Each structure stands twice: as structure tokens, then as C-alpha cells.
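Dear colleague,

I am handing over the structure that we talked about, and below it you will find my notes on what was found in it. Please read them with the model open beside you.

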Amino acid sequence: MTKKWNVEVKVNGRVKRAEVEPRLLLVHLLRDEFNLTGTHIGCDTSQCGACTVMMDGKAVKSCTVLAVQADGAEIQTVEGLGTVDQLHPIQAGFWEKHGLQCGFCTPGIMMAVNGLLQDNLNPSEAEIRDALDGVICRCTGYQFIVKAVQQAAETIRNSQQQSQVVPAEGGSV
Amino acid sequence: MIPVSFDYVRAASIPEAIQLLKNSNGEGKLIAGGHSLVPLMKFRLSNPGTLIDISDVNEMKGVGIVGSRLVVGALTTHAEVAEDTAVLAHLPVLAEAAKQIGDMQVRNKGTVGGNIAHADPSADLPAVALALDAVVHLTGEDGEEKVPIQEFLLGPFITSLPETSVVTAISFAVPPAGTQSTYLKYFHPASGYAVVGVCAVGGKTAEGLVNHVRIGITGAGDCAFRTEQAEKFLFGKPATLENIKQAASLAAADGDMGEDLFASSEYRAHLCKVYTERALRKVLG
């Protein structure tokens with residue numbers, strides 16, 4: 001009998017624990033053990049990227065990571081981006097630019113975009129398309145997704161500029 | 001898809017990993033990023049009895065220059081290689097190739113050591129390794145060993161890695177000053193793997209005679225190969241377009257062309273020629 005492992009992961013800021021078989025995939029840990037079903041399973045062969053989550057600050061495909069490999073890691077899923085009342089700029093970008101149709105791939109795409117924008121808030125269209133290489137959308141043709149990413153990047157840039165401007169206006173610098 | 005049940009253990013050091021491999025009686029497999037192994041296990045094409053996780057062995061991480069060679073720790077990810085300052089300064093072609101592996105998510109997890117040890121015939125790094133006279137650093141029960149890449153890669157998913165040895169690093173020769181390098185790849189439109197990938201390193205004298213040429217080709221057949229006949233033809237000759245074209249026409253001569261639904265062996269041989277010509281024009285033009 002295979003020995004089970006106790007894993008502890010910080011998911012969207014909250015510490016969660018589970019006893020798992022070594023063969024359990026991270027995506028199943030998230031969906032079946034933690035009930036975070038926003039992360040989708042598409043191809044299950046590390047092609048489509050619907051299962052993309054952030055793991056220790058990097059976008060990864062959770063269908064290709066064992067839960068035991070994620071022990072001790074910080075995970076962010078689509079549930080950790082924003083809320084219905086307060087969308088994350090990436091979610092707002094997809095909303096405003098109609099970056100989805102059926103929406104099945106969208107959680108993974110938004111997490112891949114999160115991986116891009118945390119390193120590069122001024123991506124060219126080529127850089128955006130390169131970052132989308134690991135995700136597949138069969139509805140949109142990607143045009144509106146690229147526009148959504150551009151919009152999200154602009155929103156984040158603007159909010160960062162504003163937050164930098166605030167202390168100067170207040171005279172506290 | 002769920003892998004067959006297996007035992008999972010963690011190694012904190014290279015000696016511990018070797019001991020755990022020994023204990024597994026040939027049923028053990030090392031796992032780092034897992035981006036070659038886990039997909040195979042999900043398809044149940046690989047069913048190791050014990051997975052030995054080496055991802056915490058810090059001595060196998062990072063990049064450094066040792067003499068005239070760039071040493072890349074086996075656990076260094078493709079994303080790290082693509083942005084590493086030493087790689088960009090001394091071996092930009094390695095970064096150029098690393099950026100073409102898989103996609104962003106795969107590059108974030110996949111490691112250089114895993115890529116080489118997996119010996120996928122369509123992987124990108126073997127072409128670069130061959131063109132840069134790479135050496136695979138192993139540690140086993142009898143100590144450390146350095147194996148030239150050509151003696152390491154034996155066939156599709158087959159290497160000379162002993163059962164209880166660990167790939168700890170890959171070192172690449174920094175080519176002579178004044179040489180140029182490139183990695184050009186014909187992407188499989190669905191998988192992104194190399195149908196044919198060509199890495200060329202070339203240099204010429206002030207008179208325009210080729211004084212350094214190395215070409216590695218991956219994807220075309222069962223095993224990545226050096227184009228020795230093309231290199232021999234070009235070495236010492238003027239770097240003219242005519243000579244480059246003739247050398248490129250020999251590009252497929254040293255490899256066995258594979259065949260599948262996507263590309264016939266004839267087509268692969270043609271791609272070897274076309275991509276070798278493009279790569280040589282870029283580095284010797």
C-alpha cells in the first residue's frame with residue numbers, strides 16, 4: 001500500500017492541509033479536496049492550460065504537477081484574483097473587452113496572463129501572444145483576449161501611477 | 001488521467017538521491033519539474049515504483065562559468081536559463097533555445113537536467129548541447145563522471161545514464177570569440193515540439209574562411225545528431241553562399257530521418273537542409 005503524504009499549501013492566502021496519495025494531481029487537490037472548482041481540467045495533457053494556477057509566483061499547469069510537489073507552496077487560483085463585486089483588473093479587462101465566449105478556458109487564461117503581467121506591465125502584442133502560447137481558446141480567435149490583456153495592463157499601470165502620485169499630493173513625501 | 005500508484009520520497013542531497021535510487025531496485029525514477037515524466041506517467045507509459053523528488057537539492061541549481069565552460073545546474077528551469085545574466089552574456093544561443101521550449105508554464109517548471117536525461121528525440125536542448133560540445137555531469141555510486149553529450153544520448157528516450165546515477169549539471173563550451181550562434185526550429189503546429197531544430201555555431205577568419213563550425217540537429221529522427229559531414233565540408237572553406245548551400249545539402253546525412261503522420265522522412269531531410277542553410281547564413285553571413 002502506497003504511503004500517503006500530508007501536504008500543506010497556502011491557497012489564495014489561506015493555509016490548507018490534506019492527506020493525499022502521491023499520484024494525486026494538484027488540479028484534483030484544488031478541485032476535489034479544497035472545492036476550488038474555478039480551476040478547470042481541459043486536455044489533461046499539459047497542452048490547453050485551462051488548469052493554469054500560480055505556484056510560488058509562477059504560472060504552472062496544475063494537471064502536470066503532483067500535489068506532493070506543491071507541498072509547502074503558495075498557490076493562487078482564479079478564486080484568488082478578485083470577487084464579483086470587485087473584479088481584478090484582469091477579470092475587468094476580459095469583461096469589458098469580451099475576452100471570452102463559452103468561458104471554459106478563461107480561468108486558466110487569466111492566470112497565465114497574471115503570470116505575464118507580474119513580470120511585464122507593458123507587454124507588446126507579440127509578448128502577449130507568446131504568453132498565451134500555453135493556453136488554448138477554441139471560441140474567440142484570441143483577438144479579444146489580446147485586447148483584454150492590453151486593457152488589464154493599462155488599468156494596472158494607471159492604478160500604480162495613481163498610488164505613486166497620492167503621497168506627493170498629500171505632501172507626505 | 002491518473003498515474004499508477006507509486007511511492008514518493010524526497011532527497012535532500014545528491015548522496016541521498018543515489019541511496020534512494022539504490023534502495024528502489026531499479027524501480028525508482030528521479031523527479032524535479034516533472035514536466036517530461038508526469039505526462040508519461042499519466043498515460044501510463046512510464047510506471048515507476050518509487051518517485052524520488054530531488055527538487056530541493058540546492059547544489060544542483062543555478063548557472064556559473066568554470067574556465068571556458070558554462071555550467072548549468074540540472075535543476076535550473078528553462079525560464080531561469082532564458083533570463084540568466086551569465087547565459088545571456090556568454091551563451092545567448094542557450095537562452096534563445098530555452099525560450100522556444102514548450103510554453104511559459106512548461107518553462108517555469110521544466111528543468112535542463114530533466115530535459116537532457118529524458119532524451120526526447122524532439123526536445124530542443126540536445127541540438128544546442130551537440131553544437132556546444134556539452135558534457136553531462138553525473139554523480140553515482142562510484143563518484144563523479146563527465147560524459148560527452150554524444151555518448152550520453154543513445155536513442156529515443158534512451159541514455160547511457162546508469163540506474164543509480166544522478167545528472168547534476170550540464171556544461172556547455174563557450175564558443176571562441178568572434179563566433180555567432182543560433183537555434184532555429186520548425187515548430188510542430190500542434191505540440192510545439194521541434195519537427196526539426198538546428199543549432200549552428202560558426203566563425204570565420206578575417207579573410208572569410210570558416211574556422212569554426214558546429215551544427216546539431218534535433219527532431220528529425222530517433223536521436224539528435226551532429227552534422228559531421230556538413231561541418232567537414234565547410235571547415236576551412238570561404239563562407240560563401242554557395243559553400244553554405246552545399247554544406248546544408250549534407251545536413252541530413254549523419255542522422256536517421258524519422259517518419260510519422262505529420263512529416264515523412266523525405267520532408268524531414270528537406271527541413272534539415274533548409275534550416276541548416278538558414279542557420280549557417282545567420283551565423284556566417
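To begin with the two chains, 19 residues of chain B are in contact with 25 residues of chain A, where two residues count as in contact if their C-beta atoms, placed from the backbone, lie within 7 Å. Please keep in mind that this is a predicted model, in which local features need pLDDT of at least 70 and side-chain atom pairs count only at pLDDT 80 or more, while totals for chains, interfaces and linings use all residues. Residues are numbered from 1 along each chain as its sequence is written, and chains are lettered from A and ligands numbered from 1 in the order in which they are written.

On the side of chain B that touches chain A, the elements that give two or more residues are β1 (7–10), α2 (37–42), β3 (50–53) and α6 (104–109) of chain B; helices (H or I, at least four residues) and strands (E, at least two) are DSSP runs, numbered from the N terminus. The largest share of this side, five residues, comes from α6(B).

Within chain B, the domain assignment, whose bounds come from an automatic or database source, gives domain 1 (7–53), domain 2 (61–173) and domain 3 (180–284). The C-alpha centres of domain 2 and domain 3 of chain B lie 20 Å apart, and the contact takes 22 residues from domain 2 of chain B and 23 residues from domain 3 of chain B. On the domain 2 side, the elements that give two or more residues are α5 (92–98), α8 (125–131) and β8 (153–155) of chain B, and the largest share, six residues, comes from α8(B).

Chain B also holds an open sheet of five strands in the order β4-β5-β10-β6-β7, with antiparallel pairing, where two strands pair if DSSP finds at least two bridges between them. Because β4 (63–66) and β7 (143–148) of chain B stand at the edges, each with a single partner strand, one side of each is left without a neighbour in the sheet. Strand β6 (residues 135–140) of chain B is joined to β7(B) by six bridges, and these two strands run antiparallel; the bridge partner of B:H137 in β7(B) is B:K146.

Finally, helix α1 (residues 14–23) of chain B lies across β6 and β10 (166–173) of chain B and runs at about 125 degrees to β10(B), with axes taken as lines fitted to C-alpha atoms, for helices over the stretch in contact, and angles running from 0 to 180 degrees between N-to-C directions.

With best wishes
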